Structures are given as C-alpha cells and as structure tokens.
Amino acid sequence: MSMEGHKVGVIGAGAWGTALATAVARGGNEVQAWAMEDDVVSSINSEHENKRYLAGYKLDPRLSASKDIEEVAAGKEFLFLASPSLYLAPTIKKFTHLPNLRDGSTIVAALTKGFIPADGGPGLILPTVEAALGEDYKDKTVYVAGPSHAEEVAMGKITGLIAASFHHRNAIKVRNLLRVPGIMAYASFDTVGVQVCAAAKNVIAVVYGALDALSESSQIFGDNTESLVMAAGLNEIQKIGFAMGAMYAETFTSISGVGDLDVTCKSKYGRNRRFGQDIIKTDMLSQFKDLDDLIANVKKIGYLPEGAVACKYVHEVAVQKKLRLPICDALYRVLNKEVSPQQCLEELVGNKGEPRDNFTRVDLFTRVE
C-alpha cells in the first residue's frame, strides 16, 4: 500500500480504466482520468460514478475526471494508458509534447489488451506505446495485467495484478503503487509473456463460452470437456508466447497466464465468454459475412468481444511462426464462416465413444517448441 500519495493520470475512462483509477485512489493517491464523453466526466466528478461504463459502482472521491487530455497527462508521476488498441498510438501523440513526457520523468504503464498491426506481423502493446512516446521510453514502459474484471476491482474485491517491464525499477515502482486495499500486486520482467497472455486468453474464452452454451443440452459436452479445452488453450497461449519471445514458463502458470484465462472463461462478467455463448444461443454470427466484416461492424454486437479481434491476429502469428493451434484455428474458421460452431467443436472434442479407428479426433496437446 502506498505510504504517501502520488499524482496519477489514467488515459481512458472505460470500465477497466475507471476501475483501476478508483482502486489507486483508494490507496491515498490523487488520481485524474481522461474521458472523451461529457456525461462520463460529469458523473465521475459530481456523483462519483461512471454511469456510462461502470454503472452502479461508487468511486473514490480522490478520483476526478477531465476532457482535457493534456491536463490529465501533465505533471503526473504515473500515467496509465487504457485506450482501446486501435486508438492507442494516436491518443498518446496528443500529449507527448508535455515536459514530463519529453524528459521521461513520468512512469508510463499500459492497461490495453490485444495485438496491434505492425510491419512484419501483429505486434504487442508496449512496442507501440514506446514508439509513440519516443526514445526516452525505450524498454522503460510497464504492462499491467492479471485476472481483473473491472466490476470486482471497483468493489475492492481481492485481485491479483502483475506489473511487467524490462526496466526492473519501473516494474517495482508500479507494483508498489498498485499495492492498495483490494489488490495484491507483483512484478515481472517477462513483458512479452504477460502481454501475450492478456491478449490470447480472450480467444480461448470465446471457444469456452460456445462450449458452455452447448453443454446445457449436450449429451457429450460438460464440465470435464470445458476443463479439457481450457487446459489445451493454455498450452496454445504458451506456444504463442514463446514464439513471440516470452522468457519464462512460470509466466503461463502464474496469475497472468492460468489465472487470467480462468476468470475470463468462467466469470459472469466476461464479454468473451458471453460472445461465445451468443454465437450458439442467438446465432450472433448470422449478421456478418466473415471475420473482417465482424471486426468492421463490431458495434452491432452491443459490447466488445476482444477475442474476436485477437483471433485474427493470432491466426496471422500462427501462419507466420508455423504454429499448430487447434483451438485458436477452430475459432478463426468459425468467425470466418468456414464451418459451423457445432461442427467445429465436435471436430475438436467430439469423441462420442466410437472405436478409435472409426473417428478422427484433433490432438489438442502438442509439445511446446
């Protein structure tokens, strides 16, 4: 827990940005969040609630909000970035001219999950952040992740987070800042592994949600099947991580790996789990031609399933790195309208008990290279 208050800025007052902001404020820090919407700024400042993105959860009075992004970024000791990945770099460019960003005196941490298009294939969040910030931030930014649904963080329910950075001192400083009531924070130096876990687990959660919906009436799918898919999914996340440069196997068995995957698959708050369920229960995909059409018109869904977008990039990584990822590939084929969800899941785990030579079953577990 912080022994003295720090000045903290949060760029992006969606559900997760707001939840982390109020948690840090709960630790005795002066926190200011940037939001684009007038109603978000007004409700945070006058009612201590973000009625648009986190309705029903009271916020700490030490958290304020502003529409002036320069005001929020200026003079802060810590700055958290919570903008969607698509808008991350352009948003950062709005305040890089400030003195505390030009001289690197502000510690910058990213909360954004996902992959970002880059030369040579999909890239991760921190390289994008550092390229936008400039040379003073090379290998010095921090990535924060873990099993952390915004609703429970806002309520102060005990949550584990990892602050990962190549810059050991910055990782520890952010870890210490996050040690507030309700958060158990740890430091990691495996920035690639933690970022991959945060992005790829959403893909597995969509498949888990679809399987969960089918399990309600299936004679062959159940809780055991769901655990099988989750374990195999973790194996695929680890393969992606090592292929992209992850450092430690322990990253994938920690809260950033198995912990985040578990809560994303199982929690009632999970949008990706919900999306998988909606694919089965409401035929959600019928309104889209293919995966690109879904991504271009994702607002039709009414909420953001990050796993759908991440699935496209995971597929590109798998092709580029020659990775065999049965579960991620299965979701890609489903979202691209190449195969039905039911058919795809039966191909993955549809062993109905026939003799082994009478059916073909995908081998979900392959050695991590």
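Contact here means heavy atoms within 4.5 Å. The model is predicted: local features need pLDDT of at least 70, side-chain atom pairs count only at pLDDT 80 or more, and totals for chains, interfaces and linings use all residues. Residues are numbered from 1 along each chain as its sequence is written, and side-chain values use heavy atoms, with hydrogens and water left out.

Start with a loop residue. Glu-37 sits between β2 (30–34) and α2 (38–47). Helices (H or I, at least four residues) and strands (E, at least two) are DSSP runs, numbered from the N terminus. Setting aside residues up to four places away in sequence, Glu-37 touches Arg-52, Tyr-53 and Lys-67. Ser-66 is 29 residues from Glu-37 in sequence, and their C-alpha atoms are 9.3 Å apart.

Next, the sheet. Strand β7 covers residues 159–164, and six of its six residues are buried. Buried means under 20% relative accessible area, exposed over 50%, and partly exposed in between, with a 1.4 Å probe and protein chains only. In a regular strand the side chains alternate between the two faces of the sheet. Both faces of β7 are covered. Thr-159, Leu-161 and Ala-163 are buried on one side, and Gly-160, Ile-162 and Ala-164 on the other.

Two strands pair if DSSP finds at least two bridges between them. Strand β6 (residues 142–145) pairs with β7 in the antiparallel sense, over three bridges. There, Val-144 stands opposite Ala-163. β7 and strand β8 (residues 183–188) run parallel, joined by six bridges. Ile-162 has Tyr-186 of β8 as its bridge partner.

Another loop residue follows. Thr-251 lies between α10 (223–244) and α11. Its relative accessibility is 5%, so Thr-251 counts as buried. Not counting residues up to four places away in sequence, Thr-251 touches Asp-190, Gly-193, Val-194, Cys-197, Ser-256 and Gly-257.

Now the helices. Helix α12 (residues 271–281) is mostly covered, with eight of its 11 residues buried. Among them are Arg-273, Phe-275, Asp-278 and Ile-280. The buried residues of α12 pack against α9, α11 (255–266), α13 (291–296), α14, α15 (326–335) and α16 (341–349). Just after α12, Asp-283 takes a positive phi of about 50°.

Two packed helices are described by the angle between their axes and the distance between the axes. Axes are lines fitted to C-alpha atoms, for helices over the stretch in contact, and angles run from 0 to 180 degrees between N-to-C directions. Angles under 35 degrees count as roughly parallel, over 145 as roughly antiparallel, 65 to 115 as roughly perpendicular and the rest as oblique.

Helix α9 (residues 191–215) packs on helix α14 (residues 306–321) at about 110°, with the axes 8 Å apart. The two helices are therefore roughly perpendicular. The contact joins Ala-199, Asn-202, Val-203 and Val-206 of α9 to Glu-306, Gly-307, Ala-310, Cys-311 and Val-314 of α14. These residues divide into six nonpolar, two polar and one charged. Ala, Val, Leu, Ile, Met, Phe, Trp, Tyr, Cys and Pro count as nonpolar, Asp, Glu, Lys and Arg as charged, and the others, Gly among them, as polar.

The α15 and α16 axes lie 9 Å apart at an angle of about 165°. That makes α15 roughly antiparallel to α16. Pro-326, Ile-327, Ala-330, Arg-333 and Val-334 of α15 meet Pro-341, Cys-344, Glu-347 and Leu-348 of α16. By class, this contact has seven nonpolar, no polar and two charged residues.
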